[in-house]
Amino acid sequence: MEDACFKGAFYPTDEEIAKWMDRAFDMAKEALDNGEVPVGCLLVYKDQVVGKGRNEVNETKNATRHAEMVALDELLDWCCHGNRDARSVCEQTVLYVTVEPCIMCAAALRIMNIPVVAYGCRNERFGGCGSVLDVSSAELTHTGSSFKCVTGHRADEAVEMLKMFYKQENPNAPKPKTRKE
């Protein structure tokens, strides 16, 4: 792990990653227990959790309620209630998430200028940090700042949790329609 500064935020140490990812995995387990895709995350600013989230898509019937979006909303509320500059806070905040952010979430993190994202496993279907598209480091004008990714912490465990979810029946999935010949 590098000790150098990256756009105002220090790279997390192995100990910090382990500490915060433990809590992110707790959020992912909570999501799984609630019939959601098991993704959990924390936004950490100066060793303080300023936003946390787990997937809430099924529960809210809103496809945008990914863990990262829920956590970003909490961060913005925290800034608003504390009369803090959201841009300045975001530029010094690290996201810890169990699964690589999807393209939508990676774009939101980029727009919000989050400089470092530590994640567990890759998201081969929807990943926005290199698995499908590299929103995190692509040259994209007028879209915020690129961000550094620290990958692989407890990746096997994150994959196993995803497998557990996809083995169960999703009660919110639409009922298949039978075709009439």
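These are my notebook entries on one protein chain, taken element by element.

**Ground rules.** I am working from a predicted model, where local features need pLDDT of at least 70, side-chain atom pairs count only at pLDDT 80 or more, and totals for chains, interfaces and linings use all residues. Residues are numbered from 1 along each chain as its sequence is written, and side-chain values use heavy atoms, with hydrogens and water left out.

**Overview.** I looked up the secondary structure and found six helices and seven strands. These are DSSP runs, numbered from the N terminus: H or I of at least four residues for helices, E of at least two for strands. From the N terminus the order reads β-β-α-β-β-α-α-α-β-α-β-β-α. Of the 181 residues, 43% are buried. Buried means under 20% relative accessible area, exposed over 50%, and partly exposed in between, with a 1.4 Å probe and protein chains only. I then checked contacts (heavy atoms within 4.5 Å). Among those between residues at least 6 apart in sequence, 60% join residues at least 24 apart.

**Helix 1.** This helix covers residues 14-33 and has 20 residues. Its span from first C-alpha to last is 28 Å, close to the 28 Å expected. The expected span is 1.5 Å times one less than the number of residues. I listed its buried residues, among them Trp20, Phe25 and Leu32. The buried residues pack against strands 3, 4, 5, 6 and 7, and against helix 6 (155-167). Just after the helix, glycine 35 has a positive phi of about 75 degrees.

**Helix 3.** Helix 3 has 15 residues and reaches 21 Å, close to the expected 21 Å. Its buried residues include Met69, Leu72 and Trp78. They pack against strands 3, 4 and 5, and against helices 4 and 5. Asparagine 83 follows the helix, with a positive phi near 50 degrees.

**Glutamate 68.** Glutamate 68 is buried yet has no salt bridge. A salt bridge needs a side-chain nitrogen of Lys or Arg within 4 Å of a carboxyl oxygen of Asp or Glu. The nearest side chain of opposite charge is arginine 65, 9.9 Å away.

**Isoleucine 103.** I found this residue in helix 5, residues 103-111. Isoleucine 103 is partly exposed, with a relative accessible area of 30%.

Technical notes: Lys, Arg positive; Asp, Glu negative; His and termini not counted.
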